[in-house]
Amino acid sequence: MFKNNAERIISDIQNHSIRIDNFNDLDAAAEAAGSSQFVLLGEASHGTSEFYTWRAELTKKLIGQYGFKAVCVEGDWPSCFEVNSYIKSYNQRLPQDVLKAAFNRWPEWMWANREIQDFIVWLRDYNEQAKKDMIGFYGLDVYSLWESMEEIIQHLEKDSSNDAEAAKKAFSCFEPYYRNPEDYAVSSGFYGESCEEEVMELLLNIRRDLAKYPPQNETALNLSVNSLVALHAESYYRSMVKGGAEDWNIRDRHMVSAIEEIIRYYGEATKIVIWEHNTHIGDARATDMEMHGMTNVGQILRERYAGKVFALGLGTYDGTVIAGRSWGERREVMLLPPAAEGSWEDLLHRAGAHNKLILFSSENRSLFQETIGHRAVGVVYNPEFELNGNYVPSQISDRYDGFLFIDRTSALRPLD
């Protein structure tokens, strides 16, 4: 399908890759990434077990050996903050109960799964040993408008804050839409109705008064990011009906804003691991996203923090994956077909049907700059139509600083 210098690229992969047989072989990736402030770990799908387990093992090395202090993921802030409370022993619930209660909205399998359960148990054990210098777990996404508003009101009412009235005013503006963001998007797009002023007033009030909130249980951080979610989610849903790239860009810019709030809370030199899809962590300028006016987390962080970012893409040749055939539809374990001929994943497989790691450097980066199809699977997936939209033209060594290839993968294991 894809026209490229296949034999030459296969040879270069063989000459510049490291065979990966077990988790100990990730030491080279940890060493390459360890001096960076931001380590971005990708995934080619949201429903693949190995992407979660290999990222978890690499993250453990970065925490234990290189001083990383927070894990930020492509999940909603309120839900992930429940996990943060669990790993810091703010509550004493069972890990599976925390995950099932926190992630109860489609696609719940992304985080309410056995792979994440194992990882957060490890994080809690680590924090119990660390005591004061604990690791945080946070969500960067923008979809939790209603949940974030509720969290804000709950906190402000508990502290008897005057800001609670502003929060209730903002929340009441959204009530006619019955927690349906599509209804709000249509109303704002076609009738000019908007809650923007109410949410902006709320954000300004909270930021003005942040210093007065107690440090216990990260109240100020929680309020600050939830108010950002409310502001940016309102803008995100308002942009949905307009088409184009703006809703995507609002979402990724919000993710960076949330990361920077966490940095301010922990300290400007804090080292963070970020788990997101390849389409978010790989530099958009090395794909056709730039042509469509899209930016992403990887590009923004590289532009703002030059020399402090390490992005590792993850991919696979074939196996199984969990996804839905349309948004909100029942999840399925689907066969992930062999990668399209001539794609990046196909050439990695043909270079040796085993797991491998490539680290890009000044010595080999030029060898992998040819534009090539690179597979991307979302929470919505139809394998039979894969060739029509699941390959992103990419200059791999410009998009990432390294690539971890798992030759055959299996579907995530949901908790339910």
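The centres of domain 1 and domain 2, taken over C-alpha atoms, are separated by 32 Å. The protein is divided into domain 1 (1-68 + 272-409) and domain 2 (144-266), with bounds from an automatic or database domain assignment. This is a predicted model: local features need pLDDT of at least 70, side-chain atom pairs count only at pLDDT 80 or more, and totals for chains, interfaces and linings use all residues. Residues are numbered from 1 along each chain as its sequence is written, and side-chain values use heavy atoms, leaving out hydrogens and water.

Now the interface. Domain 1 gives 18 residues to the contact and domain 2 gives twelve residues; contact means heavy atoms within 4.5 Å. The two domains bury about 1200 Å² between them, 68% of it on carbon and sulfur atoms. That area is the accessible area (1.4 Å probe) lost on putting the two parts together, summed over both.

One salt bridge is counted between domain 1 and domain 2. Glu260 and Arg304 form a salt bridge through their side chains (3.1 Å, N to O). The term requires a side-chain nitrogen of Lys or Arg within 4 Å of a carboxyl oxygen of Asp or Glu. On the side of domain 1 that touches domain 2, strand 5 (272-275), helix 13 (278-281) and helix 14 (297-304) each supply at least two residues. Helix 14 gives the largest share, four residues. Helices (H or I, at least four residues) and strands (E, at least two) are DSSP runs, numbered from the N terminus.

Turn to helix 5 (residues 95-102). Pro95, Val98, Leu99 and Ala102 are buried there, meaning under 20% relative accessible area (1.4 Å probe, protein chains only). Seen down the axis of helix 5, the buried residues fall within an arc of 90 degrees, so they line one face of the helix. The arc is taken from the directions from the helix axis to the C-beta atoms. Their cover includes helix 4 (77-87) and helix 6 (114-130).

Methods. Buried means under 20% relative accessible area, exposed over 50%, partly exposed in between (1.4 Å probe, protein chains only).
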